[in-house]
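Please open the model in your viewer and keep the selection tool at hand. The stops below say what to select and what is found there.

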There are 2 protein chains.
Amino acid sequence: MTTKTKRFLALLLRVIALGATVAAIVIMVTSHDSATVLNLTFEAKYSNTPAFRYFVIAEAVAGGYSVLALLLSFNSLFSRLVLMMDVVIAMLLSSSISAALAIAHVGKKGNSHAGWLPICGQVPNFCDKVTGALIAGFIASILYLLLILYSLHSALAPLFALKP
Amino acid sequence: MTTKTKRFLALLLRVIALGATVAAIVIMVTSHDSATVLNLTFEAKYSNTPAFRYFVIAEAVAGGYSVLALLLSFNSLFSRLVLMMDVVIAMLLSSSISAALAIAHVGKKGNSHAGWLPICGQVPNFCDKVTGALIAGFIASILYLLLILYSLHSALAPLFALKP
């Protein structure tokens, strides 16, 4: 592959990852549902759960960084910095998805040992939206991992070619 | 710094990270506490919570990999593979800590919107041990991040020295 094709592939991965983070934020922020139990109406929204708030913030940071990285990656002077930052962002993404997924799992299945009841039966629309946001976030995280592995593979190739 | 010093520093980071994952597993697995409420005794242990089970498995995978990486890192033929695997393990570690932390936070503070009550008041020893395991896991994760940034810095240095 030529350097141009390689750079194009990396840019493409970055653009799709940006799209996935934006989708994750939009789906999570617009997720809400309400249920009426014994004449009491309660509302489920992402901002009630710290893990979901963290998810939105982390996806926003990753999205903002993706835009910056798209601009910086045109200048090869920054490529080492971009690769290092990619690793930090990939860890941030995997962290935010896992935290949100852990809470979503309790919402869906509950935890009988701790006495936490599932809530997805009452607010199914909320749970569906959260699931959608988690899938989008997961895609962004996998794309960042691919991007890093690909960058490492191509950036280190000349070094390894020198060694027998 | 000479290549020897660099390699020694990387090995040192890896050994401490291995120690931290082992500590995280031991503290998490030995954490249990019981409480008696209305003549009913209930037991809190890590295996009751999927996020804590995932934490132990992820730390065990990271610990096992650390041993393998220590052996492989003596042969420079594997250094690209080791660097790529380091990224995967760092993401796994950050993911496992975040999932466990999200659940531990509900255990400590509860979530009034979902009707989940905190349980740390009843089983304080369990909560203290989980906190300790999370701190050890967090240290392992930060060490892996440092190791990757350090490896990237030194592995890519010759490439960047070629470019003005």
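**Stop 1**

Select A:Thr2, which is partly exposed because its relative accessible area is 47%. Here buried means under 20% relative accessible area, exposed means over 50%, and partly exposed is in between, with a 1.4 Å probe and protein chains only. A:Thr2 belongs to the segment before α1 of chain A. Helices (H or I, at least four residues) and strands (E, at least two) are DSSP runs, numbered from the N terminus. Now draw a C-alpha to C-alpha distance from A:Thr2 to A:Asn111: the two are 53 Å apart in space and 109 residues apart in sequence.

This is a predicted model, in which local features need pLDDT of at least 70 and side-chain atom pairs count only at pLDDT 80 or more, while totals for chains, interfaces and linings use all residues. Residues are numbered from 1 along each chain as its sequence is written, chains are lettered from A and ligands numbered from 1 in the order in which they are written, and side-chain values use heavy atoms, with hydrogens and water left out.

**Stop 2: annotated spans in chain A**

Next, colour the spans that come from the record. An unreviewed UniProt entry places the feature "transmembrane region" at residues 12-31, 51-74, 81-104 and 133-162 of chain A. UniProt positions are given in the numbering used here, feature names are shortened, and annotations may be inferred rather than shown by experiment.

Two of these spans can be checked against the model. Residues 51-74 of chain A are 92% helix and 0% strand, with 35 Å between the end C-alpha atoms. Residues 81-104 of chain A are 100% helix and 0% strand, and their end C-alpha atoms lie 34 Å apart.

**Stop 3: A:Leu72**

Go to A:Leu72 in helix α2 of chain A. Its relative accessibility is 22%, so A:Leu72 counts as partly exposed. Which residues does A:Leu72 touch, not counting those up to four places away in sequence? They are A:Phe78 and A:Val82, where contact means heavy atoms within 4.5 Å. A:Phe8 is 64 residues from A:Leu72 along the chain, and their C-alpha atoms are separated by 14 Å.

**Stop 4: the salt bridges**

How many salt bridges does the structure hold over all chains? There are 2, a salt bridge being a side-chain nitrogen of Lys or Arg within 4 Å of a carboxyl oxygen of Asp or Glu.

Select A:Asp86 and A:Arg14, which form a salt bridge with the closest N and O atoms 2.9 Å apart. A:Asp86 is in helix α3 of chain A and A:Arg14 in helix α1 (residues 3-29) of chain A, so the pair ties together parts that are 72 residues apart in sequence. Both A:Asp86 and A:Arg14 are buried.

Then switch to chain B. B:Asp86 and B:Arg14 form a salt bridge, again with 2.9 Å between the closest N and O atoms. Because B:Asp86 lies in helix α3 (residues 79-109) of chain B and B:Arg14 in helix α1 of chain B, the pair ties together parts that are 72 residues apart in sequence. B:Asp86 and B:Arg14 are both buried.

**Stop 5: B:Ser31**

Stay in chain B and select B:Ser31, in the loop between α1 (3-29) and β1 (32-37). B:Ser31 counts as buried because its relative accessibility is 0%. A polar atom of the B:Ser31 side chain lies 2.7 Å from the backbone oxygen of B:Met28. Beyond its neighbours within four places in sequence, B:Ser31 is in contact with residues including B:Ala44, B:Tyr46 and B:Phe126.

**Stop 6: the interface of chain A and chain B**

Show both chains and select B:Asn111, in the loop between α3 and α4 (124-162) of chain B. At 5% relative accessibility, B:Asn111 counts as buried. Apart from neighbours within four places in sequence, B:Asn111 is in contact with A:Asn48, A:Thr49 and B:Trp116.

Now widen the selection to the interface: 44 residues of chain A are in contact with 44 residues of chain B. The two chains bury about 3,800 Å² between them, 75% of it on carbon and sulfur atoms. Buried area is the accessible area (1.4 Å probe) that two parts lose on being put together, summed over both. In chain A, the residues that lose the most area to chain B are A:Arg80, A:Met91 and A:Trp116, together 19% of what that side buries.

How values were computed: A polar contact is a pair of N or O atoms within 3.5 Å; within protein, one must be able to donate a hydrogen and the other to accept it, and residues adjacent in sequence count only if both atoms are side-chain atoms.
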